[in-house]
Amino acid sequence: MQHDKILILDFGSQVTQLIARRVREAHVYSEVHPCDVDDSWVRQYAADGRLKGVILSGSHASVYEESTDRAPQAVFELGVPVLGICYGMQTMAQQLGGRVEGGHKREFGFAAVRARGHTPLLRDIADHTTPEGHGMLDVWMSHGDKVAEMPPGFKLMASTDSCPIAGMADEERRFYALQFHPEVTHTRQGRAILERFVLDICQARPDWVMRDHIAEAVQAIREQVGDEEVILGLSGGVDSSVAAALIHRAIGDQLTCVFVDHGLLRLHEGDAVMEMFEGKLHAKVVRADASERFLGELAGVTDPEAKRKIIGREFVEVFKAEAAKIKHTHSRHVAWLAQGTIYPDVIESGGAKSKKAVTIKSHHNVGGLPEQLGLKLLEPLRDLFKDEVRELGVALGLPPEMVYRHPFPGPGLGVRILGEVKKEYADLLRAADDIFIQELRNHVDAVTGKTWYELTSQAFTVFLPVRSVGVMGDGRTYDYVVALRAVQTSDFMTADWAELPYALLKKVSGRIINEVRGINRVTYDVSSKPPATIEWE
């Protein structure tokens, strides 16, 4: 690629990915790398002339502890603008001759910051103005330490009552630092501040656009694969679907998709996946109907983790068997396994390996399969965030209702059926869940004009393996119970239960009870995350 780029050095903040996403939203390419890269790596990274700026992330650590990380000194010698955020500000201050100390008053949450000095970073950016004419910013703070003395050459850029140096700038060297977090949505002008840094101060070209990325990605896939064959595990989820569509655009019939139907998909989902990829995109898709195998292995199993492991294990075994058939029957050599790995997986994996950043999870996608199958790995989405993957999918011609679907767990309905998984339970849940999603799509909010499916981040139905007494007509019923779950969130780390309209809940409940024989009671989950999780298992 020949895009300008912004380097983000990760000191272990849980929200470092948000910095990269905000930069990408400004249509500038950015990459996250662990903070412990050395000076030679930094200079090599900048050698092609495309590096336009560096951002230093936050951290849970204190810069004055001997064991904590520092930014590579080369960052301050490249001649490009540098922005330090929270810990990034503190390490910038300490490394360049300032002083950091533990704060007597910690700041976590909302703060009102006064902009000072009218530096290019904050000029004309404010949420409101005081009667005295001071520009004020509503921001999100998360720190205990603070800069007590600025380095030589820096001037004050922002302050709060409890943090006199909440921002500083060396305009000659184009070094800027903020104690608050502009990357989180709670900082109302955060996007404007980051765009000001990236577009105006760094002067990076805003040419990172998904519809233009297709041509680059197609060329890269063709060069990587040559005339060899590729197989891909198609789950019907967003990532694998977009990966399949992109690879098919690049190499056509050299791609064979394997769709493992484990019997725990949503209503008609298997048929919809086949219709899209085989019927409309004309891709080669092998559908492995393994529902009896999966349900047989899950019989009698009630522990959620055990269910997940069984489903994961059986998926790998079925996929391996189908891949072996493809390798045996194809005239050309099958050399590649394609996966829908996306950029957050790569970042989190890097953090886990370096042990410098806080580990969120270790990435494994379809763990171990490339080695077991003797295949090379093709990951065409590994540079993209989820929202970029969705944009790419629409640009590739996938229907928006597929690309913008709510997240669906890998084990499928296996973890939305509490306790033992049975075909009877799965069939009841499929029907009930389909009604819930239909009504969310049909019900339009009068204020926003959006459907409640759009207004919720994730919504689904859970099957409870308990029976309750009911009455239908003149008869007594003794049937099963389902729970509706709908949440709103921006990052899925925390989530609030969605305050669905009573009329919507009433219609969903009425339809499920009347149309799904075997269910006579519908409940609504009003738990937030934390303390609850979004999924029940």
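Cys-86 counts as buried, because its relative accessibility is 4%; buried here means under 20% relative accessible area, exposed means over 50%, and partly exposed lies in between (1.4 Å probe, protein chains only). This is a predicted model, in which local features need pLDDT of at least 70 and side-chain atom pairs count only at pLDDT 80 or more, while totals for chains, interfaces and linings use all residues. Residues are numbered from 1 along each chain as its sequence is written, and side-chain values use heavy atoms, with hydrogens and water left out.

**Annotated site**

- The unreviewed UniProt entry places the feature "active site" at Cys-86, His-181 and Glu-183. These three positions are spread over 98 residues of sequence, yet they cluster in space, with a largest C-alpha distance of 11.1 Å. UniProt positions are given in the numbering used here, feature names are shortened, and annotations may be inferred rather than shown by experiment.
- Cys-86 is found in the loop between strand E4 (82-85) and helix H3 (87-95). Helices (H or I, at least four residues) and strands (E, at least two) are DSSP runs, numbered from the N terminus.
- Where does His-181 lie? Its place is in the loop between strand E10 (175-178) and helix H4 (190-201).
- His-181 counts as buried because its relative accessibility is 5%.
- Not counting residues up to four places away in sequence, His-181 touches Val-15, Ile-85, Cys-86, Trp-140, Ser-142 and Thr-187; contact means heavy atoms within 4.5 Å.

**Helix H3**

- Eight of the nine residues of H3 are buried, so this helix is largely enclosed by the rest of the structure.
- The buried residues of H3 are Tyr-87, Gly-88, Met-89, Gln-90, Thr-91, Met-92, Ala-93 and Gln-95.
- After H3 comes Gly-97, with a positive phi near 110 degrees.

**Backbone geometry to look at**

- Most residues other than glycine have a negative phi, and most peptide bonds are trans.
- His-27 is not a glycine, but has a positive phi of about 65 degrees. You will find His-27 in the loop between helix H1 (16-25) and strand E2 (29-34), and its relative accessible area of 36% makes it partly exposed.
- Asp-124, also not a glycine, has a positive phi of about 65 degrees. Asp-124 sits in the loop between strand E5 (99-115) and strand E6 (128-129), and counts as exposed at 77% relative accessibility.
- The peptide bond from Lys-529 to Pro-530 is cis, with omega near -15 degrees, and the bond from Pro-530 to Pro-531 is cis too, with omega near 10 degrees.
- Pro-530 lies in the segment after strand E19 (519-524), and Pro-531 is in the segment after E19 as well.

**Second largest pocket**

- How much space lies in the second largest pocket? About 640 Å³. Its lining has 28 residues, and the closest to the centre are Leu-267, Ala-272, Glu-401, Arg-405 and Arg-441.
- Helix H7 (269-280), helix H13 (400-403), helix H14 (423-442) and strand E16 (458-472) are the elements that give two or more residues to this lining.
- A pocket is an open set of points on a 1 Å grid over the protein atoms alone, where a 1.4 Å probe fits, with protein on both sides within 12 Å along at least five of seven lines; lining residues have an atom within 4 Å of a point. Grid points are joined across faces, edges and corners, and a volume is the space filled by probe spheres set on the points.
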